[in-house]
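Biologist: I have not worked with this entry before. Please show me how to read its main features.

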Amino acid sequence: MSAPALRCLLSGGTALAALATATPAFAQAATPATPAGTVVSNTAQASYTVNGNAQTTASNTATFVVDRKVNLAAVAVQSATTSVDFGQTGVVTTFRVTNNTNATQDFLLTVAQLLPVGLLTGADNFDLDNVRIVVDADGDGIYNPAVDTAGFIDELEADKTRAVFVIGDIPSSNPAATGAQIGLQAIAAVGGATGTQGAPLIPTPLNTVNQDAEIDVVFADNDNDGLLGFDAARNGRAWAYASFAVTTTNVSLSVTKSASVLSDGVSIANPKALPGAVVQYCLTVQNATPSTAAANVSLTDIVPAHTTYVPGSLSVGGIGANGVCLLNGVSIADNGSGTGAYRGSYDAGTRTVTATIASVPGGTSIAASFRVTID
Amino acid sequence: MIPFASLAAVVAAAAAPLQLETRILAERPGAAGTAPVLAPARRMLPGDPLVVELAYRNTGAAAITGLVLANPIPQGLAYRGGQPDMPVPDLSVDGSRFGPLAVLTVALPGGGTRPATAADVTHVRWRLPAALAAGGSGRLAFRAVVR
């Protein structure tokens, strides 16, 4: 501004009166980080008196450009291990990527399945198959296959968060597979073109001569996963991790049923299946999967026609093999009032015997038995 | 008095006896135990501290009296305080009422007021108590941070 123009503007008054309306900067108090590329310019005003004449002088304008402070965060939404089954397809794990850069950026996404040992608790002895990464397009945080299809985060504004889904299949049964771990990497990339995947940002080297009008790229992100993890401070990347555990193993469970006549009231040895004879049915449940127990195994059997259930004859938890009961277990009340690891009941209305076993350890078998009389 | 040799020459119009020059300097951490180093503001990120400096000089033949230097806080900066060894400016959160931060208040949207914080400051101002003799000069500064 030339001096005559200034004098015209401010003649006769103090500079401060004009300044009060010149800078509506008050609304700045709670605003987020200044966007990259903002030109900050400073101009001072002087008012004074020389020999009784009031005068004003404006300073030059000093400026600089706010540079790009690249910062981002990635977190796994589910803190606990995800429970999966063998052969389960489309297992969805949700992450959240936040852009803490003072500008809109793209974020590229990659997945690693081989993580440093000790980073997460639990085993990592299998990999997910058919792993895909998709971005939550509609912002609801829930995977919707019809909508959420993009493989990178496009144009994420400053201080905004986007959900990212990692989807994979659990391999079919493998006795050695008990847990898996994955890591999601988010890489800050060039933004500014909607629908276009930007290239990863490259920080402006520290010794590059800065053109004051140019927006430098400065990485300011933390090492968000400690020494063990993949991430490093000031690398423009962030990592988050999730783990899976095969908890409900599809164990190989089989039931064998046998019947043996205990007495027929006539024969002394080798009793026959005569009317009035007492017959014991033996159910043995075998868990053929080594090292994985089957929990809450429930056996039901309908008492055959032309027989009558012997009250109080239900026994659960016995030792048996190949369908033959070798030793009776815990005697169970017919009304189902029992408690403990072995339970059962007899429903006279439906003629159904029920036996419940809290746990069949891997590689073992447990027996249940009841008796009937032949009508 | 500090010479102006290091400053780029931006000379006020000949008619104005006061020459006023401003610079924005980045405040970089110095070696351990030493004062921060001031450098030209080139690589500036949100949160970076800086110093806004004013240098004035009476180029006229007559003494200047009643000198008031006013500096609106530039958009994108937040006031942080005075510079050590320099006079602390009067502050304002509205450009009209000036004083130390402790006496300033900010109106709340729902009525009432709250004490002003450094981030609320919109203007700083210095009043020079003494006349500035012909050829006399001086320097003032305040500290700020990139929002």
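Biologist: What share of the 375 residues of chain A count as buried?

Modeller: This is a predicted model. In chain A, 33% of the 375 residues count as buried.

Biologist: How many helices and strands does chain A have?

Modeller: Chain A has two helices and 23 strands. Of its contacts between residues at least 6 apart in sequence, 71% join residues at least 24 apart.

Biologist: How do I read a sheet, and in which order do the strands of the open sheet with β4 run?

Modeller: Strands of a sheet pair through backbone hydrogen bonds, either parallel or antiparallel. Here four strands of chain A form an open sheet, ordered β4-β6-β10-β8, with antiparallel pairing. β4 (72–76) and β8 (129–135) of chain A have a single partner strand each, so they stand at the edges and one side of each lacks a neighbour in the sheet. On average, neighbouring strands of this sheet are turned by 20° against each other, direction ignored.

Biologist: Over how many bridges do β8(A) and β10 pair?

Modeller: β8(A) and β10 (residues 161–169) of chain A pair over five bridges, in the antiparallel sense. One residue pair to look up is A:Arg132 and its bridge partner in β10(A), A:Ile167.

Biologist: Where is A:Leu201, and which residues does A:Leu201 touch?

Modeller: A:Leu201 sits in the loop between β11 (179–189) and β12 (217–219) of chain A. Beyond four places away in sequence, A:Leu201 touches A:Val70, A:Ala188, A:Ala189, A:Val190, A:Val217 and A:Gly236.

Notes: Residues are numbered from 1 along each chain as its sequence is written. Chains are lettered from A and ligands numbered from 1 in the order in which they are written. This is a predicted model: local features need pLDDT of at least 70, side-chain atom pairs count only at pLDDT 80 or more; totals for chains, interfaces and linings use all residues. A residue is buried if 20 or more other C-beta atoms lie within 10 Å of its own, exposed if 12 or fewer, and partly exposed in between; C-beta atoms are placed from the backbone. Two residues are in contact if their C-beta atoms, placed from the backbone, lie within 7 Å. Two strands pair if DSSP finds at least two bridges between them. Axes are lines fitted to C-alpha atoms, for helices over the stretch in contact, and angles run from 0 to 180 degrees between N-to-C directions.
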